[in-house]
Amino acid sequence: MWSTIAAKVRAGERLDHEQGVYLLAQAPLPDLGALAHETRARKTDPTAVTYVVDTNPNYTNYCTVDCHFCAFYRKHGSAAADAYTHDVEGVMQMMERADRLGATTVLLQGGLNPDIPWEFYTTIVREARRRYPHITPHFFSAPEIHQMSQVSGLSIRGVLEALYEAGQRTLPGGGAEILAARVRKRISVKKGGPEAWLDVHRAAHRIGMRSTATMMYGHVETDAEIIEHFDHIRALQDETRGFTAFVPWSYKRGNTPMESKVRHVAGASRYCRVLAAARLYLDNFDHIQATWFSEGKKTGQAALHFGADDFGGTLFEENVHLATGHVNKTTIAEVETLIRESGFTPVQRTTLYEIVRVGEGPEALAHLSDEVPLFVESLRELPAEYPAVLEGETPDGGLLMPSAPASAGSPAGPRTRPAPRPAS
């Protein structure tokens, strides 16, 4: 099977469903990564890795759809102390912060809050374009577009046309999860089947918008259902050519309703396999995005050798993963350093993959490394089976040290570790 797949890929022939499942379940990972990297080098500049300067704020965390994988939302109508909905000026303050940080893209999303009037959505697009014309308003996932349709009485296409008229040209891919009916019924039944997400992106592409295709894996899906997801987005890309990139990430279970039902965290090996399989199977996608943010910086670096050509965004603000206990921060300088350490030249891009700036290549590490601040990363919550106290530690986190020899004159007993330095 592997030799057949490799021959088909090199001949430019399309893989079928059975071969896609084999990539995820049985293909030798080093060979899979090498073939994906070879394929990526034929599609994009093999010496470069792109990234975008962006941030991902939210305008409300009230939501009506009760997704089992989400720790971010607060029930609509609840009196939760941390529930919020921002007005237009509140959103503009987010745009102002993004502008100060040099962002060229703001990926704005929110919960599905039926109390927000339809006019709010077009107004924030129009105001963002007027006040910050150099920032792309990469706003609203497919479920939010459905919410706008319900509130406004417009069709999906009507909503998208109104947003387009206000100045929006791109749509993020959030809300896809896994595009398989069984999975969506189990984890996000109120969002509808795969067609609910696909219909929004099809309509967006038809009116001239571009969008990303995303996938959240590592929960209740099977390998075959991941390939079903690939089949859906590959077919839509054949139809519209409207997707700019494919962006997968793993489910973060901390504080989510289905936390106890997902016993194992999808790790780095699975992530690299998913990326490499996507590069080979999604033959009509130019860009496959790796992420330092959701999978960790070292995994993100390794993923650049498994078919990915893009390192995602700087994500100066992010709250959805944060609600699960997943924390990761960076700077533009560190992103470029991570790319250089992986052997590539960092290239800043826009949402539409237009080149903003080409950085120095890996040779710059010799004179830039001391100037780059490195951030502490806390990748994910500890798995349920992880012991509360490690061998050699005291219950409060102190470290038990061996007793000093009597001649040293030091009293025996526990010695605590110094407190860790906070992340910058």
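Reader: Which residues does T244 touch, not counting residues up to four places away in sequence?
Author: The model is predicted; local features need pLDDT of at least 70, side-chain atom pairs count only at pLDDT 80 or more, and totals for chains, interfaces and linings use all residues. Residues are numbered from 1 along each chain as its sequence is written, and side-chain values use heavy atoms, with hydrogens and water left out. Contact means heavy atoms within 4.5 Å. On that basis T244 touches R210, S211, T212, H287, L352 and Y353.

Reader: Is T244 buried or exposed?
Author: T244 lies in strand β9, residues 243-250. Strands are DSSP runs of E, at least two residues; helices are runs of H or I, at least four; both are numbered from the N terminus. Buried means under 20% relative accessible area, exposed over 50%, partly exposed in between (1.4 Å probe, protein chains only). At 8% relative accessibility, T244 is buried.

Reader: How far apart in space are T244 and T212, C-alpha to C-alpha?
Author: In sequence, T244 and T212 are 32 residues apart. In space, their C-alpha separation is 5.5 Å.

Reader: How are α6 and α7 oriented?
Author: Axes are lines fitted to C-alpha atoms, for helices over the stretch in contact, and angles run from 0 to 180 degrees between N-to-C directions. Those of α6 (residues 142-152) and α7 (residues 156-166) come within 9 Å and cross at roughly 100°. Angles under 35 degrees count as roughly parallel, over 145 as roughly antiparallel, 65 to 115 as roughly perpendicular and the rest as oblique. So α6 and α7 are roughly perpendicular.

Reader: Which residues of α7 make the contact with α6?
Author: On the α6 side, I145, H146, M148, S149 and S152 take part. The α7 side is I156, V159, L160 and L163.

Reader: How many residues of helix α14 are buried?
Author: Helix α14 spans residues 332-341. Its buried residues are E334, V335, E336, T337, L338, I339 and R340.
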